[in-house]
Amino acid sequence: GETTNHSAIMADGGGSSELLILCQKLLFSANYMSTTTAIASGSYQHRAICGLILASRLLRCKLIPNGERGGVLSWVVSVVSPSSSSATPLEALNPEIARWGLSFLQFASSILPTNNMPRVTMVDNCVSGFPEMTHFVDTQFVCGQSDIFAQVKKMLATAAIVQMEDSLRVPLLHATKNDESFATTSPTFLAFAEVSPHDHLRQKKSPATASMVVCAPYFLYGTSTQKKCGRTSIMANVNTNKPFLESIHLVADYVYDLVDQYLELGLTTTTSWNPRGWLLAKIQLPCCLTGSAMEILGMKKNYGLEVDGDLEDHTYNSSASLTFDLDANDERFQKSWKLLFSDETKSKSTLLQNLVEFVNCVIISISVSCATLKHAYHHFQREEAQLATMDINGANVLPLS
């Protein structure tokens, strides 16, 4: 009855062809309109997301030939492939589109759990209560996890959010002082670079394990300086020199999902992953704050940021490391900021923009750290379970008398 009618409609090719054409137009709508118009109105972003949602449905539809479903997959891969001509890694992919693209890729490589659906029973390999699941929906994965992993690695490599300390694309402060070629480049510093004595010994044995760096400045702003060409905003209808603090949560969510999927897919290919290198990763931050702003935040004036400060001895006039005891409701804290912004000799817009730049980089770094901590926690949890199992098995072995 109803199943036959649906099959007849799709069999003539009309229904599926129209849906495929619509999907293609939504995914590549930027090709059908002015780029300026698309960015200004935000229409391309919304159309592309709708296209990704439609593509996920078409990819699983059994009534569409496998060849055309493969075409849908290639369209999506093209949309979420980073642009090589972008000024900054952030501009290479729209964060919201890329995040939906990651969900699509995960969906394409997953097996739909039809046997675990509520109020559903499997009878003779058919889903009772939802016959359309077997007649129209392909519950098996459409592409392998290795293919998805390759695409995610490409996205992470373009983002360059994680780099090695000996090959940073944005130089450190000491490098800019010694090399005239970096005179027009905004310098950075490494935060949380100090390690415990135990980890310091391990670092000497294996330097590579502690040489990873989370590089938010390069991901957000590239290698250009604020004085040279300003900062670029990802928000529609926002001037290119205006900070994008109001949209940083979208970027942070994308970065978290990207690192999360990279680690999750990578762990399926190996059983010997050691999270220590990721946990000891240093944080690269821009040298954009004034000495007064650093002092209020409890940072060292030589751009030092660690977690070894003394909570009891910390004062706003000290040069101790960050101690995480800054209370926005504290009168001294508020007074310090008011005095800073009341200084007529300093540009308030520049001061605010520098603060937003610093905060943006901190937020992105936190996203990477959260994804790392999630997988490190699961890793150590599995290790503890394995050790507990070994102890139980060992206790059950009777000693030889």
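Keep in mind that the model is predicted. Its open sheet has four strands, in the order S3-S5-S6-S4, with mixed pairing. There are also five salt bridges, and some of them link distant parts of the chain, as the pair Asp 138 and Arg 69 does.

**The sheet**

- Strands in a sheet pair through backbone hydrogen bonds, and the pairing can be parallel or antiparallel.
- In the S3-S5-S6-S4 sheet, the pairing is mixed.
- S3 (162-164) and S4 sit at the edges, each pairing on one side only.
- From one strand to the next, the twist averages 35°.
- S3 runs antiparallel to S5 (residues 212-215), and three bridges hold that pairing. Across it, Gln 163 stands opposite Val 213.

- Side chains of opposite charge can pair up when their charged atoms come close.
- Asp 138 and Arg 69 meet at 2.9 Å, N to O. They are 69 residues apart, with Asp 138 in the loop between H7 (132-135) and H8 (145-159) and Arg 69 in helix H5 (residues 66-79). Arg 69 counts as buried because its relative accessible area is 6%, below the 20% cut-off.
- Asp 253 and Arg 99 form another salt bridge, with their closest N and O atoms 3.5 Å apart. This pair joins helix H13 (residues 248-267) to helix H6 (residues 95-108), across 154 residues. Asp 253 is partly exposed at 31%, and Arg 99 is partly exposed at 35%.
- Lys 282 and Glu 165 also pair, with their closest N and O atoms 2.8 Å apart. Lys 282 lies in strand S6, while Glu 165 is in the loop between S3 and H9 (173-178), 117 residues away. Lys 282 is buried, at 10% relative accessible area, whereas Glu 165 is partly exposed, at 29%.
- Through shared partners, salt bridges tie Arg 99, Asp 253 and Asp 257 into one network.

**A buried serine**

- Ser 367 belongs to helix H17 (residues 348-396).
- With a relative accessible area of 8%, Ser 367 is buried.
- Leaving aside residues up to four places away in sequence, Ser 367 touches Ala 252, Val 255 and Tyr 256.

Conventions:
Residues are numbered from 1 along each chain as its sequence is written. This is a predicted model: local features need pLDDT of at least 70, side-chain atom pairs count only at pLDDT 80 or more; totals for chains, interfaces and linings use all residues. Side-chain values use heavy atoms; hydrogens and water are left out. Helices (H or I, at least four residues) and strands (E, at least two) are DSSP runs, numbered from the N terminus. Buried means under 20% relative accessible area, exposed over 50%, partly exposed in between (1.4 Å probe, protein chains only). Contact means heavy atoms within 4.5 Å. Two strands pair if DSSP finds at least two bridges between them. Axes are lines fitted to C-alpha atoms, for helices over the stretch in contact, and angles run from 0 to 180 degrees between N-to-C directions. A salt bridge is a side-chain nitrogen of Lys or Arg within 4 Å of a carboxyl oxygen of Asp or Glu.
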